[in-house]
Amino acid sequence: MSAKKNPEAEFAYGFCVPDGYNTKLLHLVIGDNSSCSRATKGAIFDLNYPSFAILLSSFKSFSQVYHQTITNVGSPTSMYKAIVTNTAAGLRIKVNPSVLAFTSVGQKLSFALTIEGMPNKDLISAFLVWDDGKFQVRRPIVVAVSTDD
């Protein structure tokens, strides 16, 4: 992925965000001339990955917020509503805003996804679905508890 063709390429690699990674290490891992700029460093939970995953070390209460940006590649004017499915297993999932209204192709809109609760089993899954009435973009949400004794 070329950072010249796609200025968000660093986010796709995911190596610039975690502490301890720098441009030299990125070159070793990826093998190209990508760089980690100060502007792209942030929380790993803010990467624009297509899924949301949380690994907990115990059955405890938690709260995690993801900040993501969506680019409209479809109809110039489209409105996507957020639908969250399968939230019965001890999770509360909120999307803000719950509607993304695009007015042009290539337009970028951001949202925050908050996942909180207390898991009542080892593996819980749900989905965030963006639905415009014609197309649906389905994004998995997984919360896992690893209680290695």
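A nonpolar core is defined here as a set of buried Ala, Val, Leu, Ile, Met, Phe, Trp, Tyr and Cys residues joined through side-chain atoms within 4.5 Å, where buried means under 20% relative accessible area, exposed over 50% and partly exposed in between (1.4 Å probe, protein chains only). The model is predicted, and local features require pLDDT of at least 70, side-chain atom pairs count only at pLDDT 80 or more, and totals for chains, interfaces and linings use all residues. Residues are numbered from 1 along each chain as its sequence is written, and side-chain values use heavy atoms, with hydrogens and water left out.

The largest nonpolar core comprises 22 residues. Those with the most contacts inside this core are Phe-52, Phe-111, Leu-113, Ile-115, Leu-128, Ile-141 and Val-143. Two or more core residues are contributed by each of strands S1 (52-56), S2, S4, S5 (99-102), S6, S7 (123-131) and S8 (136-145); strands (E, at least two residues) and helices (H or I, at least four residues) are DSSP runs, numbered from the N terminus. With residues up to four places away in sequence not counted, Leu-128 touches Phe-52, Ala-82, Ile-83, Val-84, Val-95, Phe-111, Leu-113, Val-137, Arg-138, Arg-139 and Ile-141, contact being defined as heavy atoms within 4.5 Å.

An open sheet is formed by three strands in the order S2-S6-S4, with antiparallel pairing; two strands are taken to pair if DSSP finds at least two bridges between them. Strands S2 (62-71) and S4 (91-96) stand at the edges with a single partner strand each, so that one side of each is left without a neighbour in the sheet. From one strand to the next, the twist averages 15° (axes are lines fitted to C-alpha atoms, for helices over the stretch in contact, and angles run from 0 to 180 degrees between N-to-C directions). The antiparallel pairing of S2 with S6 (residues 108-117) extends over 10 bridges. Opposite Gln-64 stands Ile-115 in S6, a residue also listed among those with the most contacts inside the largest core.

Two salt bridges are present in the structure, a salt bridge being a side-chain nitrogen of Lys or Arg within 4 Å of a carboxyl oxygen of Asp or Glu. In one, the closest N and O atoms of Arg-92 and Glu-116 are 3.7 Å apart. Arg-92 lies in S4 and Glu-116 in S6, so this pair ties together parts that are 24 residues apart in sequence. Lys-94 also forms a salt bridge with Glu-116, with the closest N and O atoms 3.3 Å apart. Because Lys-94 lies in S4 and Glu-116 in S6, the parts tied together by this pair are 22 residues apart in sequence. Glu-116 counts as buried at 17% relative accessibility, whereas Arg-92 is partly exposed at 46% and Lys-94 is partly exposed at 48%.

Two loops were also examined. Asn-72, in the loop between S2 and S3 (78-85), is buried, with a relative accessible area of 3%. The side chain of Asn-72 reaches the backbone nitrogen of Gly-74 at 3.0 Å, and a polar atom of this side chain lies 3.1 Å from the backbone oxygen of Ser-104. A polar contact is a pair of N or O atoms within 3.5 Å; within protein, one must be able to donate a hydrogen and the other to accept it, and residues adjacent in sequence count only if both atoms are side-chain atoms. Not counting residues up to four places away in sequence, Asn-72 touches Ser-78, Phe-102, Ser-104, Val-105, Gly-106 and Gln-107. In the loop between S4 and S5 lies Pro-97, which is joined to Asn-96 by a cis peptide bond with omega of about -5°.
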